[in-house]
Amino acid sequence: MSMNTTNLEGRSSADQPPSIVMEARNLVKTYGHVTALDGVDFELRAGEILAVVGDNGAGKSTLIKALTGAVRPTSGEILVDGVPVQFKGPLEARQAGIETVYQDLAVAPALDIASNLFLGRELRRSGLMGTLFRRLDKKRMREDAQRAMSDLKFRLPAINNAVESLSGGQRQGVAVARAALFARKLVIMDEPTAALGVRETGQVLELIRSIRDRGLAVVLISHNMPNVFDIADRIHIMRLGRRAAVVTPQSHSMNDVVAIMTGAAKA
C-alpha cells in the first residue's frame with residue numbers, strides 16, 4: 001500500500017485533514033459604544049502559516065490581543081486543541097505554548113544574543129549555586145541559543161555579541177528565534193518585516209518558513225501583500241471588525257484580496 005503525500009491545500013480523500021490548533025467562535029469585543037470585533041470566527045491549522053490582513057481599524061490587532069490574552073473578549077469562545085480557554089493575560093497564553101513577536105521586538109539591546117533569547121526565562125546553575133546564590137548558567141544558555149539559531153538556519157554573529165550591534169533584520173531574527181525556542185503550539189508575528197530592507201526581509205521570511213517546517217503553526221499579521229502571497233498557506237481577511245473571507249494565494253490574486261479588504265468585492 002502506498003502512502004499519500006500532499007500539502008495543506010492538495011489533500012486526497014484518504015488523508016486526514018490537519019488538526020485545528022487554535023479556534024475562535026463568534027468573538028465580540030466592545031469598548032463602550034465602539035465594536036472592535038463583531039462576531040469573528042478564526043481557525044488556525046497545525047503546521048501552516050496563516051496571514052491575517054485588513055485595512056487599518058479592521059480589527060486585526062484586537063483579534064490577536066484577544067487570542068493571546070492581552071484583552072478579554074466581551075463574548076465568544078476561544079479553544080486551543082479543542083479545549084475552551086480563558087486567558088487572564090499573555091503569561092497564561094505563553095504557558096499554553098503560544099508565543100507572540102510584537103513590532104517593538106522587546107529586546108534588550110545592551111545584552112548579548114543568548115541573554116535575549118532567554119530573557120525572563122533565564123537558566124540557573126544546578127545545586128546551591130543556582131537555588132541559593134541564583135547564579136545563571138550562562139554556558140548552557142549560550143549553547144542552547146547557538147543550537148536554536150543553527151536549527152532555524154538563521155545566521156548571526158557570535159552568540160555573545162550585544163544585540164545593539166546587530167542590524168534591524170538580525171534583531172528581528174533574535175526576537176523570532178526566541179519565540180520559536182519556547183513555543184509549543186504556535187507563534188504569532190505582528191508585522192515582522194516592517195521597516196526592513198529586501199535582503200533582511202528575505203532572511204526573516206526564511207526564518208518563518210523554518211518555524212513552520214518544525215511543525216509549529218504561525219500567524220502572520222502583515223500589510224505587505226507580496227510577502228503574504230510569498231509565504232502564507234491561507235489568508236484570513238478582516239473588514240470592519242468581521243472576518244470577510246479566508247482565501248489562499250492559489251484561489252485569489254493580490255487584487256482580489258485588496259478588493260475584499262476594502263469592500264469592493266466579496267469572496
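Author: Let us begin with Asn26, which lies in strand β1 (residues 20-31); strands (E, at least two residues) and helices (H or I, at least four) are DSSP runs, numbered from the N terminus. Please keep in mind that this is a predicted model, in which local features need pLDDT of at least 70 and side-chain atom pairs count only at pLDDT 80 or more, while totals for chains, interfaces and linings use all residues. Residues are numbered from 1 along each chain as its sequence is written, and side-chain values use heavy atoms, with hydrogens and water left out.

Reader: OK, and what is phi of Asn26 near?
Author: Phi of Asn26 is near 55°, which is a positive value in a residue other than glycine.

Reader: Is Asn26 buried, partly exposed or exposed?
Author: Asn26 counts as partly exposed, because its relative accessibility is 46%; buried means under 20% relative accessible area, exposed means over 50%, and partly exposed is in between (1.4 Å probe, protein chains only).

Reader: Which other residue has a positive phi, near 50°?
Author: That is Glu191, again a residue other than glycine, and Glu191 is found in the loop between β7 (186-190) and α7 (198-213). With 12% relative accessibility, Glu191 counts as buried.

Reader: Changing topic, how many salt bridges are there?
Author: The count comes to 15 salt bridges, where a salt bridge is a side-chain nitrogen of Lys or Arg within 4 Å of a carboxyl oxygen of Asp or Glu. One of them joins the side chains of Glu99 and Arg121, at 2.8 Å from N to O. Glu99 lies in strand β6 (residues 98-101) and Arg121 in the loop between α3 and α4, so this pair ties together parts that are 22 residues apart in sequence.

Reader: How accessible is Glu99, and what about Arg121?
Author: Glu99 is buried, with a relative accessible area of 5%, whereas Arg121 counts as partly exposed at 22% relative accessibility. Arg121 also has its charged end over the ring of Phe182, 3.9 Å from the ring centre; for this, CZ of Arg or NZ of Lys must be within 6 Å of the ring centre and within 35 degrees of the ring normal.

Reader: Which ring does the charged end of Lys29 sit over?
Author: The charged end of Lys29 sits over the ring of Tyr31, 5.0 Å from the centre of that ring.

Reader: And how many aromatic pairs does the structure hold?
Author: The structure holds one aromatic pair. The rings of Phe118 and Phe182 have their centres 5.8 Å apart and their planes at 90°, so the pair is edge-to-face; rings of Phe, Tyr and Trp (its six-membered ring) pair if their centres lie within 6.5 Å, and planes under 30 degrees apart count as stacked, over 60 as edge-to-face and the rest as tilted. Because Phe118 lies in the loop between α3 (113-117) and α4 and Phe182 in helix α6, the pair ties together parts that are 64 residues apart in sequence. Phe118 counts as buried, at 4% relative accessibility.

Reader: Back to salt bridges: which residues does Arg212 meet?
Author: Arg212 meets Asp213 in a salt bridge of 3.8 Å, N to O, and Asp233 also forms a salt bridge with Arg212, with the closest N and O atoms 3.3 Å apart.

Reader: What about helix α1, and why is it described as largely enclosed?
Author: Six of the eight residues of helix α1 (residues 60-67) are buried, so the helix is largely enclosed by the rest of the structure. The buried residues in α1 are Lys60, Thr62, Leu63, Ile64, Ala66 and Leu67, and α1 is followed by Gly69, whose phi is positive, near 85°.
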